[in-house]
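The following note sets out, point by point, what may be said about the model shown here. It is intended to be read beside the sequence and the structure.

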Amino acid sequence: MTPHAPGPLSTAPAYVLDDARLPAVTLAEPLDAPATEGLVRASIVVAGGRIAAILPYGTAPDPALPVHDMRGGQVWPCLVDMHTHLDKGHIWPRQPNPTGDFAGALSVVRLDRMAHWSAADIEARMEFGLRCAYAHGTRLVRTHLDSLPPHHDLSWDLFREMRARWAGRIELQAVALMPVEATRDPAYFEALLAQVVRSGGLIGGHPEMGPELDSDLDRLFGAAMEHGLDIDFHIDETRDPGAKTLAAVADAVLRHGFEGKVVAGHCCSLARQDGDEAARTIDKVARAGVGIVSLPMCNMYLQDRFAGLTPRWRGVTLFHELAAGGADVAVASDNTRDPFYAYGDLDAVEVFREAVRILHLDHPLDTAARVVTTAPAAMLGRPDIGRLKVGDPADLILFSARHWSELLSRPQADRIVLRDGRAIDRTLPDYRELDALLGARDG
């Protein structure tokens, strides 16, 4: 390949990605080069499937290496999607949500689960979703698994199979999702814990306000401490300002001196509470070290939806206030083509683009890339993912977009995804593959 000539990516064992713009926030080591809007101009040497060097642009690498001229295009590490529901994904064609709200989603998912969720059904839909995520450039996915009987054994057995099948392509983590009050049934809870421990998973669930909230949380935290489990909750996914389980979770962390990682997703009602009360909760969250993941696309879809009325708020949590208060924050996909969210494709680039708009992560955008890279990776205990570091695998996303306005104005369908320094086939699975499973018919 002629040096500095645009063209197909080199298939040589070593090559240079020249004249690239890198989000500085994803660099494991600072680069001695100026940054504009948080983007550093650099050249990346790839050798043996790994990042061999990250150099300021204009620093001459080995002249014998073939060069792929990025022409100022951005290069990111592969992404992290820290809150998904692979077991629910893609059931919309057979089980749409008639009202588009949270209550409607709960009721119809329950019907679909009892009527259709066999091992073959869940496996096919999980596989479809993971193929999408991989093609889009995601390397680490955490999924919540509906874990009420009789599906707690089925879903967890299947998860272990899927994790082994996808090893080396997508790292998979799983969380047990159930009402926290279900921990009151000792036989069920012990059986579920056995599955979670066997699978190297996490415990979680959705706590509800009530007189037994603290005792339910104490039971769950006690089990997590006994078994060495991290915790990931669904929290206050409602417009009701009286929903305050986030504060109760932070209190439980502090009360138990819990040393594992705790993540809280959604936290919608926090944005409906008055400023002083919200500030007190944010302070507790920061002191307890609870990480917060916002699901902006799903929350905007479900929250404040009433027939015939325009929504008055965006449904998302106090993202900026939590970050300013010292809490770790990130964003993720949540549901995909199911009754909780009718759209989506497990594309973390789409999540980032929409999060910037919905949560106002712009002006400036300098550190915004952290919310789908380094921040969720750290919350998931994998700080080795979602970063650019010499010696790491060259798992990268190459964008033709040079500046933020270019990156955020188009879906970046022409991106190139590298795994171990080689471009992967980015062909997305055809929805028709699921027709027989979902009973879909041509319109």
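**Notes on the predicted model**

1. Pro150 is found in the loop between β8 and α3. Helices (H or I, at least four residues) and strands (E, at least two) are DSSP runs, numbered from the N terminus. The peptide bond that leads from Pro149 into Pro150 is cis, with omega near 5°. A further cis peptide bond runs from His363 to Pro364, with omega near 10°; Pro364 is placed in the loop between α10 (348-359) and α11 (374-379).

2. This is a predicted model, in which local features need pLDDT of at least 70 and side-chain atom pairs count only at pLDDT 80 or more, whereas totals for chains, interfaces and linings use all residues. Residues are numbered from 1 along each chain as its sequence is written, and side-chain values use heavy atoms, with hydrogens and water left out.

3. The protein chain has a mean pLDDT (the predictor's confidence in each residue, from 0 to 100) of 95, and 98% of its residues reach 70 or more. Confidence in the protein chain is highest in strand β6 (residues 75-77), at 99, and lowest in helix α13 (residues 435-438), at a mean of 93. Over residues 1-6 the pLDDT is below 50, and this stretch has 15 contacts in the model beyond near neighbours in sequence. Contact means heavy atoms within 4.5 Å.

4. Eight strands form an open sheet with parallel pairing, in the order β7-β8-β9-β10-β11-β12-β13-β14. Two strands pair if DSSP finds at least two bridges between them. At the edges stand β7 (79-84) and β14 (329-331); each has a single partner strand, so one side of each is left without a neighbour in the sheet. From one strand to the next, the twist averages 25°.

5. Within this sheet, strand β10 (residues 202-205) and strand β11 (residues 231-235) run parallel and are joined by three bridges. Ile203 stands opposite Ile231 in β11. Helix α3 (residues 151-166) packs on the sheet and touches β8 (138-146), β9 (171-177) and β10; the direction of α3 makes about 170° with that of β9. Helix α4 (residues 186-199) lies across β9 and β10 and runs at about 135° to β10.

6. How do α3 and α4 lie relative to each other? Their axes come within 10 Å and cross at roughly 0°. Axes are lines fitted to C-alpha atoms, for helices over the stretch in contact, and angles run from 0 to 180 degrees between N-to-C directions. The helices α3 and α4 are therefore roughly parallel to each other. Angles under 35 degrees count as roughly parallel, over 145 as roughly antiparallel, 65 to 115 as roughly perpendicular and the rest as oblique. The residues of α3 that meet α4 include His152, Trp156 and Arg160, and those of α4 include Tyr188, Leu192 and Gln195. The contact of α3 with α4 has five nonpolar, three polar and five charged residues. Ala, Val, Leu, Ile, Met, Phe, Trp, Tyr, Cys and Pro count as nonpolar, Asp, Glu, Lys and Arg as charged, and the others, Gly among them, as polar.

7. Helix α5 (residues 213-227) and helix α6 (residues 245-256) have axes 10 Å apart and pack at an angle of about 50°, which makes α5 oblique to α6. The crossing of α5 past α6 is right-handed. A crossing is left-handed if the near helix is turned anticlockwise from the far one by less than a right angle, and right-handed if clockwise. Among the contact residues are Leu217 and Phe221 of α5 and Ala248 and Ala252 of α6. The contact of α5 with α6 comprises eight nonpolar, two polar and three charged residues.

8. Helix α6 also packs against helix α7 (residues 275-288), at an angle of about 35° and with the axes 9 Å apart. The crossing of α6 and α7 is left-handed. Ala250 and Leu254 of α6 are among the residues in contact, as are Thr281 and Val285 of α7. By class, seven residues of the contact of α6 with α7 are nonpolar, one is polar and three are charged.

9. An open sheet of four strands, with antiparallel pairing, has the order β6-β15-β16-β17. Its edge strands, β6 and β17 (422-423), each pair on one side only. Strand β15 (residues 396-398) and strand β16 (residues 416-419) run antiparallel and are joined by three bridges. Ile397 stands opposite Val417 in β16.
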